[in-house]
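This briefing sets out selected features of one predicted model.

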Amino acid sequence: MKKYFTLFLLFIGSISFSYGQKNNHNEKIQALKIAFITQRLQLTPTEAEKFWPVYSQYENEMKILLVNQKGRDVLETEEKVLNIRKKYKPDFEKILGNERMNSVFNAEQDFRRVLIKRLKNRKMQ
């Protein structure tokens with residue numbers, strides 16, 4: 001009985017440890033993303049103060065959409081993504097201006113590419 005209890009405690013401990021690591025990785029990735037986009041857009045402190053709350057709302061909406069659209073029609077999903085981007089475009093334009101507003105979406109894609117490349121390189125090593 002004592003052996004099973006010990007195994008159970010080890011199992012629960014490993015689950016919580018792995019969950020903690022996952023959250024830590026997500027926080028690190030989010031911090032890298034913020035730094036990457038801030039640098040790419042060359043945000044001033046004043047712009048960053050206005051930009052990041054709006055971007056967080058945008059990002060949360062995108063996450064909810066993508067979770068809810070898993071396994072659904074790809075074109076429908078892309079259309080909904082486009083609609084969310086159009087919705088936030090005026091907010092980003094107010095903060096960054098028209099030219100730099102377009103860079104928001106490009107910076108997102110560039111960050112994903114860099115992250116994927118780093119993860120692939122890490123797996124190869």
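The second largest pocket of this predicted model holds about 390 Å³ of space. Its lining draws two or more residues from each of α1 and α4. The largest pocket contains about 500 Å³, and its lining takes at least two residues from each of α1, α2 and α4. Overall, the chain has four helices and zero strands.

**Second largest pocket**

- The lining consists of H25, K28, I29, L32, A35, F36, F111, V114, L115, R118, L119 and R122.
- By residue class, this lining divides into eight nonpolar, one polar and three charged residues.
- F111, one of the lining residues, is also among the buried residues of α4.

**Largest pocket**

- The space in this pocket amounts to about 500 Å³, and of the 16 residues that line it, K33, E59, K63, L66 and R112 are the closest to its centre.
- The contributing helices with at least two lining residues each are α1 (2-41), α2 (45-68) and α4 (98-124).
- Helix α2 gives the most to this lining, namely six residues.
- Eight residues of the lining are nonpolar, two are polar and six are charged.

**Aromatic residues**

- The model contains 12 aromatic pairs, and one of them, F51 with W52, is edge-to-face, at 4.9 Å centre to centre and 80 degrees between the planes.
- Both F51 and W52 are buried.
- F51 also pairs with Y55: the ring centres are 5.5 Å apart and the planes stand at 25 degrees, so this pair is stacked.
- The positions of F51 and Y55 are four residues apart in helix α2, about one turn of the helix.
- F51 counts as buried because its relative accessible area is 0%.
- Y55 likewise counts as buried, because its relative accessibility is 1%.
- A single aromatic cluster is formed by F51, W52, Y55, Y58, Y88, F92 and F105.
- Two members of that cluster, F51 and F92, are 41 residues apart along the chain, while their C-alpha atoms are separated by 7.2 Å.
- Of the cluster members, Y88 and F92 are buried residues of α3, and F105 is a buried residue of α4.

**Helix α3 and the residue that follows**

- Helix α3 covers residues 74-96, 23 residues in total, and reaches 31 Å from its first C-alpha to its last.
- That reach is close to the 33 Å expected at 1.5 Å a residue.
- A kink of about 35 degrees occurs at K89, shortly before the proline P90.
- The residues of α3 that are buried are T77, V81, I84, R85, Y88, F92, I95 and L96.
- After α3 comes G97, which has a positive phi near 90 degrees.

**Helix α4**

- Helix α4 is made up of 27 residues, and the distance from its first C-alpha to its last is 40 Å, close to the 39 Å expected at 1.5 Å a residue.
- The helix bends by about 25 degrees at F105, a residue that belongs to the aromatic cluster.
- M101, V104, F105, A107, E108 and F111 are the buried residues in α4.

- Along the sequence, the elements follow the pattern α-α-α-α.
- The chain has 125 residues, of which 24% count as buried.
- The loop between α1 and α2 includes Q42.
- Although Q42 is not a glycine, its phi is positive, at about 50 degrees.

Methods: Residues numbered from 1 in each chain as written. Predicted model: local features only at pLDDT ≥ 70, side-chain atom pairs only at ≥ 80, totals over all residues. Heavy atoms only, no water. 1 Å grid on protein atoms, 1.4 Å probe; cavity = no way out; pocket = protein on both sides within 12 Å on 5 of 7 lines; lining within 4 Å. Points joined across faces, edges and corners; volume = space filled by probe spheres on them. Nonpolar A, V, L, I, M, F, W, Y, C, P; charged D, E, K, R; others polar. Phe/Tyr/Trp six-rings, centres within 6.5 Å; stacked < 30°, edge-to-face > 60°. Buried < 20%, exposed > 50% of the residue type's maximum accessible area, 1.4 Å probe, protein only. Expected span 1.5 Å × (residues − 1). Bend = angle between axes of the 7 residues up to and from the residue.
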